[in-house]
Each structure stands twice: as structure tokens, then as C-alpha cells.
Amino acid sequence: TTACLGDLSTQSGVEAARSGDLTNALDGLADAHRWRPWDSDTSMISAQVLAGMVSAGEQQAIGPATTAARRSLDGTPDTYASRVALAVALLGREQPREARRVLDGAVQDFTNRPQAYIQRAIARFGLRNVDGARADLKRALRIKPRDPIPRKLLREIGSRLGD
């Protein structure tokens, strides 16, 4: 029964996040964690959902995303999704060096997952490593050729640099 209540709370939090409602997202995700404190997947899902809100510009989600990602990584240190979520939160905090360090590990351990390359490109660009950012975006495209995000970011880099 507690597992079901946890699942329902997770669903409620995810739906609230999708609609941009941070308050209800946090309430639902916190309830899910209370119902299933042993389940690192609950923290991983929270981290992903909140990182999505950070990516969409919701600054108030940065702290909760960081907390959820770290809690997930405490339970399962090799979780790809939580590493990427933590990096997104760190980028939201304008800490590209720390984000790049987290993403370096994700890229090393998960060489065929494009999202870490995309986020690392953002971190590298923030650190003024344009060549590294472009290389990461090209790698992400080789992994997932139909993904429009790396192409969009490559164009953005080009336009910022006057290429």
C-alpha cells in the first residue's frame, strides 16, 4: 500500500512539473519520498523532473533538483540520469566547472548516451572551451542523429561567435 501511495504521489508531482507548477510538483515528489524513502528511484525521478524545470528556466527548482540528485546518487552512485540532473542543477547555479566534472564521469561510464554530451557541451561553452563544446555536440549527433538539440546548439554557438 505504501508503494502505491508513493507511486501516486510521484505521478502527481510529475504531472504538476509538466504543467509548470513547482509548488505542487515539490509537494507530490516530497510525499513520494516520504512513502518510499528506501527507493532511490523516487529520488532519481524527482531529480530528472526538477532538472527539466531548471532547463525550462525555473530558478526555484535548482535547490530541490540538486538535493534530489544528490540523494539519488547517495543510494546509487552510478545512476546516469541523476548525474545528468545534478549537472543541470549545477549549470543552473552557474557552476560549469563542477557540472563538467560530473559529466566527465557520466560520459566516461556511459559512452553511448547523448544527454551527458549535450550538457557537457553547455558546461564547456560556459568555460570558453568552444572546440570541446562542438566536439561533444557532434558526438551526441553521432549517437542520436535525429536529435534536433545538438544541431540547434551548434547553430547557437556559431551565431554567437559570428561563424
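Predicted model: local features only at pLDDT ≥ 70, side-chain atom pairs only at ≥ 80, totals over all residues.
A total of 9 salt bridges was counted, a salt bridge being a side-chain nitrogen of Lys or Arg within 4 Å of a carboxyl oxygen of Asp or Glu. Residues are numbered from 1 along each chain as its sequence is written, and side-chain values rest on heavy atoms, with hydrogens and water left out.

Side chains of opposite charge can pair when their charged atoms come close. One of the salt bridges joins the side chains of Asp31 and Arg34, with an N to O distance of 2.2 Å. Both residues belong to helix 2 (residues 22-35) and are 3 residues apart, about one turn of the helix; helices are DSSP runs of H or I with at least four residues, numbered from the N terminus. Asp31 is partly exposed at 29% relative accessibility, while Arg34 is exposed at 57%. For these classes, buried means under 20% relative accessible area, exposed means over 50%, and partly exposed lies in between, as computed with a 1.4 Å probe on protein chains only.

A salt bridge also links the side chains of Asp104 and Arg120, at 3.0 Å from N to O. Asp104 is in helix 6 (residues 96-109) and Arg120 is in helix 7, so this pair ties together parts that are 16 residues apart in sequence. The relative accessible area of Asp104 is 25%, which makes Asp104 partly exposed, whereas Arg120 is buried at 10%.

In helix 9 (residues 148-161), Glu156 and Arg160 are 4 residues apart, about one turn of the helix. Their closest N and O atoms are 3.0 Å apart, and the two residues form a salt bridge. Glu156 is partly exposed at 35% relative accessibility, and Arg160 is exposed at 56%.

Apart from neighbours within four places in sequence, Arg124 contacts Arg100, Asn129, Gly132, Ala133 and Asp136, contact meaning heavy atoms within 4.5 Å. A polar atom of the Arg124 side chain lies 3.1 Å from the backbone oxygen of Gly132.

The largest nonpolar core has 44 residues, of which Met53 and Ala116 touch the most other members. Helix 5 (residues 80-92) gives the most to this core, with 9 residues. A nonpolar core is a set of buried Ala, Val, Leu, Ile, Met, Phe, Trp, Tyr and Cys residues joined through side-chain atoms within 4.5 Å. Beyond its neighbours within four places in sequence, Met53 is in contact with Ala17, Gly20, Asp21, Leu22, Ala25, Glu58 and Ala61.

Gly75 is part of helix 4 (residues 62-75). This glycine is exposed, with a relative accessible area of 53%. The C-alpha atoms of Gly75 and Met44 are 9.8 Å apart in space, and the two residues are 31 residues apart in sequence.

Terms used:
Helix = DSSP H or I, 4+ residues; strand = E, 2+ residues; numbered from the N terminus. Polar contact = N/O pair within 3.5 Å; in protein donor to acceptor, adjacent residues only side chain to side chain.
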